[in-house]
Amino acid sequence: MKRFFKLISILFFVFALSACEDDFIYATLTVEIDSESTEFYNFINSQLTLGMWVREEGKKEWDLWPQTDINGYIFEEGYYTRAEITRIIDKKKLGYDGGSADSYNLIRILEKRKSESVRTK
């Protein structure tokens, strides 16, 4: 009987570890970050926030992100940047409480140059 409980405990532990890995989706993206910033009302934290214009490489539309959205990246006004980032989607937070299930981490800077806005051209 002791062996049975030990086997069940081991199986439960393995199942719990594998279930945790399935809670996240990872993707590597290349993004462009425009050199101009703007201030906008962020509905997630209900306050005015400094924003940056970000576009996924190959797409036409620019999106407004808080300047603190990419962990490890520091926005610099006046510099156009291309960066490789990891997008992490937490499946447990999808559709929960109006917040975002996405988080972003900087992998590396691919290009950074002093520039006027490329978004408005």
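**Strand pairing and salt bridges**

Across the whole structure, a search finds ten salt bridges, a salt bridge being a side-chain nitrogen of Lys or Arg within 4 Å of a carboxyl oxygen of Asp or Glu. This is a predicted model, in which local features need pLDDT of at least 70 and side-chain atom pairs count only at pLDDT 80 or more, while totals for chains, interfaces and linings use all residues. Residues are numbered from 1 along each chain as its sequence is written, and side-chain values use heavy atoms, with hydrogens and water left out.

Strands
- Strand β5 (residues 79-90) pairs with strand β6 in the antiparallel sense over eleven bridges, where strands (E, at least two residues) are DSSP runs numbered from the N terminus and pairing requires that DSSP finds at least two bridges between them.
- Strand β4 (residues 70-71) pairs with β6 (residues 102-114) in the parallel sense over two bridges, and N71 has N105 as its bridge partner in β6.

Salt bridges
- The side chains of K112 and E76 meet in a salt bridge (2.2 Å, N to O); K112 lies in strand β6 and E76 in the loop between β4 and β5, so the pair ties together parts that are 36 residues apart in sequence.
- R108 forms a salt bridge with E84, with the closest N and O atoms 2.6 Å apart.
- E84 is buried at 16% relative accessibility, whereas R108 is partly exposed at 47% (buried means under 20% relative accessible area, exposed over 50%, partly exposed in between, with a 1.4 Å probe and protein chains only).
- A network of salt bridges links E57, R82, E111 and R113.

Note on methods
Helices (H or I, at least four residues) and strands (E, at least two) are DSSP runs, numbered from the N terminus.
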